[in-house]
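Open the model in your viewer and follow the stops below in order.

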Number of protein chains: 2
Amino acid sequence: MIRVVLAEDQNLVRGALAALLSLEEDIEVVAEAADGEAAVAAALEHRPDVILLDIEMHPVDGIEATRRIRAALPGTKVMILTTFGRPGYLRRALEAGASGYLVKDSSPERLADGVRGVRAGRIVVDPALAVASLERGPDPLTDRERDVLRVAATGVAVTEIAKTLSLSAGTVRNYLSSAIAKTGTANRMEAALRARESGWL
Amino acid sequence: MIRVVLAEDQNLVRGALAALLSLEEDIEVVAEAADGEAAVAAALEHRPDVILLDIEMHPVDGIEATRRIRAALPGTKVMILTTFGRPGYLRRALEAGASGYLVKDSSPERLADGVRGVRAGRIVVDPALAVASLERGPDPLTDRERDVLRVAATGVAVTEIAKTLSLSAGTVRNYLSSAIAKTGTANRMEAALRARESGWL
DNA sequence: TGATCCATATGACAGATGTCATATTTCATA
DNA sequence: TATGAAATATGACATCTGTCATATGGATCA
C-alpha cells in the first residue's frame with residue numbers, strides 16, 4: 001500500500017483528486033492539506049511514502065514545502081502537481097528535491113503511475129516540459145530584478161515600485177531596464193509576463 | 001438518477017471530478033468533454049439533466065457553451081464550475097442561462113448538493129459572490145474599450161495595439177484613456193488587470 | 001427630428017518610461 | 001588580494017503614455 005498525503009488549495013479539486021486516487025487498489029490518501037504549511041505538518045505526522053504538492057498555494061507554496069519536507073523526511077518522495085508547465089518551476093522543483101512533476105492536463109492514469117514511479121525511486125517528468133526547461137536555460141535575473149518585476153507586474157508606476165521596495169526611482173528604472181534587456185522584450189510588462197511564463201517569478 | 005455531462009479542459013481535474021461525482025448514489029456522469037464545442041455535442045447526444053461547465057476552455061468557453069446548450073435544450077440545467085469568482089463571469093453566466101455557479105474552492109459536498117439543487121429548479125450561487133456582483137455593478141466598458149484592453153494586457157505598445165485592431169494610434173490612446181477613467185485606475189495595465197478581475201474581459 | 005452615445009480621428013502638452021554613462025560599496029571567489 | 005558581480009544611486013536624453021479639446025459619421029431612441 002502506498003501512503004499518500006495530498007496538498008492542493010482548491011477544496012473541490014483536492015477532494016476530487018482524493019476520490020480519484022482512492023479508486024486505485026494500492027494507493028491510500030492518509031491526509032489532505034490546503035497549503036504548504038499544513039502539508040509539512042501532515043507529512044511529519046503521517047510519514048507518507050509520497051506527498052503530492054500543488055505549487056500555487058499561499059502563504060507557503062509547493063516549492064518551499066518540498067524543501068522543508070525533503071530536509072525533515074529524506075525518505076518521503078515529493079511529486080509536484082500543478083496547472084502550469086513552466087520550465088523554471090520544473091527546475092526549481094527538482095532543485096528543491098522533488099522526484100516528480102506532473103501538469104494537471106495529464107491523463108488520470110499518469111497520476112497513479114507517477115505516484116508508483118516516484119515511490120519506486122524514479123524521477124517522473126513530462127518529457128516535453130523537460131526539453132522546454134533545457135531550451136529556456138536558467139533564470140538570468142538577479143534577485144532585485146525579480147523583486148522589481150514582481151511589483152511591476154501589478155501595473156503600478158515606478159515611484160510606487162520604489163516606495164514598496166525602499167529604493168530610489170532611478171534604481172528601479174535601472175533594474176527594469178536590465179530585466180527588459182535580459183528577457184529580450186520591449187517594456188516592463190512584456191518582461192514581467194515573459195518571466196512569469198518562464199517560471200522565474 | 002441525475003444524469004450529468006462534465007466539461008473541463010484539464011484532463012486530471014476532469015477525471016478527478018468524475019470520480020468524485022461517481023461516489024454519489026444518485027448521480028451518474030454519462031459523458032465528459034474537454035472544451036465547449038465537445039460539451040454541446042455531448043449534451044445533444046446524451047440529453048443530460050445537468051451539464052457542468054468550466055468557463056476557461058478553448059476555443060469555445062463555458063459561457064458560450066451555456067448559450068448554445070440553453071438554446072438547443074431548454075430542459076437541461078447548466079451549472080458553471082470555475083476557478084475564478086469574478087462578478088462579471090457570474091453575471092454573464094446567468095444572462096447566458098446558467099442555473100448555478102460554483103467556484104472550485106467550494107467544498108466537495110456543495111458540488112453534489114448544487115447539482116441536485118439546479119436539477120430541482122433552484123438557482124445555486126455562492127452568496128458572497130452574488131453580493132460582490134451587485135456591488136461591482138455592470139460592465140461600464142464599450143466593446144472597443146474591451147478590445148483595446150485585451151490587447152494591452154499582453155504588454156505591447158500602442159502602435160502594436162493599433163496595428164492589431166486596425167485603428168490609428170491616437171484612437172487607441174483615446175480608448176485606453178477612457179477605460180482607465182472608467183475603471184478608476186492610473187494606467188492601462190491597472191485598467192486591464194482590474195477589468196480582468198471583474199470578469200469584464 | 002433632435003439628443004445622445006459610440007467609433008474613429010487629429011493635434012498639443014505634461015509627465016512617465018527606457019537607455020546610457022558613470023560612480024560607490026559590498027561580497028564572493030579565483 | 002585583485003577581479004568581478006550585484007546593489008544602489010544620479011543626471012541627461014529621446015521616446016512613449018495619458019489627457020484634453022475638437023471633429024465627423026453612424027446608430028438609437030424619445
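Select I2(A) and I27(A): I2(A) lies opposite I27(A), which is in strand 2 of chain A. Strands here are DSSP runs of E with at least two residues, helices are runs of H or I with at least four, and both are numbered from the N terminus. This is a predicted model, in which local features need pLDDT of at least 70, side-chain atom pairs count only at pLDDT 80 or more, and totals for chains, interfaces and linings use all residues. Residues are numbered from 1 along each chain as its sequence is written, chains are lettered from A and ligands numbered from 1 in the order in which they are written, and side-chain values use heavy atoms, without hydrogens and water.

Next, show strand 1 and strand 2 of chain A, which pair in the parallel sense over six bridges; pairing requires at least two DSSP bridges between two strands. Five of the six residues of strand 1 of chain A are buried, meaning under 20% relative accessible area with a 1.4 Å probe, protein chains only.

In strand 3 of chain A, V5(A) has I51(A) as its bridge partner, and L6(A) has L52(A).

Zoom out to the whole sheet: an open one of six strands in chain A, ordered 2-1-3-4-5-6, with parallel pairing. Strand 2 (27-33) and strand 6 (124-125) of chain A are at the edges with a single partner strand each, so one side of each has no neighbour in the sheet.

Conventions: Buried < 20%, exposed > 50% of the residue type's maximum accessible area, 1.4 Å probe, protein only.
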